[in-house]
Amino acid sequence: MSTLALAPETVARWQFGITTVYHFLFVPLTISLAAITAGLETAWVRTGKEKYLHATKFWGKLFLINIALGVVTGIVQEFQFGMNWSDYSRFVGDVFGAPLAFEALIAFFLESTFIGLWIFGWDKLPKKVHCACIWLVSLGTVLSSYFILAANSWMQHPVGYAVDGTGGKARLTDIWAVLTQHTTLVQAGHTLSASFLTGGAFVVGIASLHLWRGRRTPGRRTAVMRASLRVGLAVAAVAGLATAVSGDSLGQVMFEQQPMKMAAAEALWDTSAPAPFSVFAVGDVSEGRNDVAIEVPGLLSFLAHHDFTGSVPGINDTARQEAALHGGRPEDYVPSIFMTFWAFRLMIGFGMVSFAGAVAGLWLTRTKRWLDPRLRTGEEEPPRLMVTARRELGPFLTRWVWRAGVLTLGFPLIANSFGWIFTEMGRQPWAVYGLLKTADAVSPGVSTASAAVSLSVFTLLYAALAVVEVRLMIRFAGAGPQLEDGAPDSAEPADRPVTFAY
């Protein structure tokens, strides 16, 4: 095995990468499920319909399971800055720590305080006050993500700092610049919209499963899931469109600020005008060329500049410029082309499939045919040619529609994971772009052996937590909404007003 593979830096990067990807499986669901739960409770407060109350409690329960494990993995992630990346923390802690302090003092306070009031206040607080609590929790999750993304955006594009000439450390000079720079705004918009796409698909997937199960015995649980399905589809469709638009804006910012990352994402070796978008490419990294490439002419220029003829810098030219500016060899400034190229495509692919599924679902459920199991027998169709064939195909098509809804549940989670892999690996060799290299950020006292042991322990721990998370989600999501009043599930209608003692 090579020396590089055994270096503490490599093991520390693996450990931080695994922690980050695992943690970010929970973050989008936490953000989106909090807002969806708040919206459903608001609908119940306004209308008094029991289906919204049962939906609120059902999705709120899944939200609580998710946030509990998300907090645990997030705390472990922050500890690594002092353990494996002490030189990084020492150099940029004055700047990087400021947004994280805001996240703990403001956002986490809102989440932890009002989530307790929401959990234990069902029978003690007025309805509107109780509903306001979950909205404050939702606000806390959004603020938390914004402050953390501000810290990450500073790593992508450092602003509002000055390097101390005596201590050699980055000192914060303008916290407002750190919190409101263009990189932060577009990255926050893209991440939040992707989070709501994730939550919408999650709701659609579970609702589809219950609607398929209840196709022969519709009842009040089916009514709850019909309402949930429409909410999930609407959220996923709107968020998917917002993700595409914000992704375009973020791509333009990256073309300007990190040309190497975007050149690597497209396997664009030489500066081109116009530059093609690579759909598929296979080549020789050591030779700096593509042997096989399927390209769309001019599209990359449009994505970079909204101009089909604009010039886009390539990997080779950008690497030489980086080496001339910072020293070293040009190849030292080239990230993993394979990981960057395919992570970018998998992020876009899985995200857009989820968006397309949401749009298709909204169209299919525009009538009650797909939502009400009693209307899928075909008996309401007038006699006409091919009606027999349509009736035979109906159950088959219906089955695959619901299965597709369930399968798309995990697609945004996959897209999110590859999105972060692309964002962080495409920045290499920099921990802070243009300011601090990853090799200079690792803790000097951490050996390869100790880093490998902690990596193994954390990996096993996360595997165990994953089993717990999946089993809890399957148990509570599979059970469906709980009908507290003891009435049979087949009781109709499900839209009747209901009140609880406060």
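Reader: Where is the place of P444?

Author: In this predicted model, P444 sits in the loop between β6 (436–437) and α16.

Reader: Why is P444 called exposed?

Author: The relative accessible area of P444 is 66%. The term exposed requires a value over 50%, so P444 is exposed.

Reader: Which residues does P444 touch, not counting residues up to four places away in sequence?

Author: With that exclusion, P444 touches S86 and D87.

Reader: What makes T19 count as buried?

Author: T19, which lies in helix α2 (residues 8–23), has a relative accessibility of 1%. Buried means under 20%; therefore T19 counts as buried.

Reader: What lies 2.8 Å from a polar atom of the side chain of T19?

Author: That position is taken by the backbone oxygen of Q15. Leaving out residues up to four places away in sequence, T19 touches T73, Q77, Q80 and Y462.

Reader: Which residues of the largest nonpolar core touch the most other members?

Author: They are W59, L62, F63, F202, I206 and L229, out of 40 residues in that core. Elements giving two or more residues to this core include α3 (27–47), α8 (182–213) and α16 (448–479). The most comes from α4, with nine residues.

Reader: Which residues does the second, separate core include?

Author: Among its 19 residues are F81, A170, A441 and V442.

Definitions and conventions. Residues are numbered from 1 along each chain as its sequence is written. This is a predicted model: local features need pLDDT of at least 70, side-chain atom pairs count only at pLDDT 80 or more; totals for chains, interfaces and linings use all residues. Side-chain values use heavy atoms; hydrogens and water are left out. Helices (H or I, at least four residues) and strands (E, at least two) are DSSP runs, numbered from the N terminus. Buried means under 20% relative accessible area, exposed over 50%, partly exposed in between (1.4 Å probe, protein chains only). A polar contact is a pair of N or O atoms within 3.5 Å; within protein, one must be able to donate a hydrogen and the other to accept it, and residues adjacent in sequence count only if both atoms are side-chain atoms. Contact means heavy atoms within 4.5 Å. A nonpolar core is a set of buried Ala, Val, Leu, Ile, Met, Phe, Trp, Tyr and Cys residues joined through side-chain atoms within 4.5 Å.
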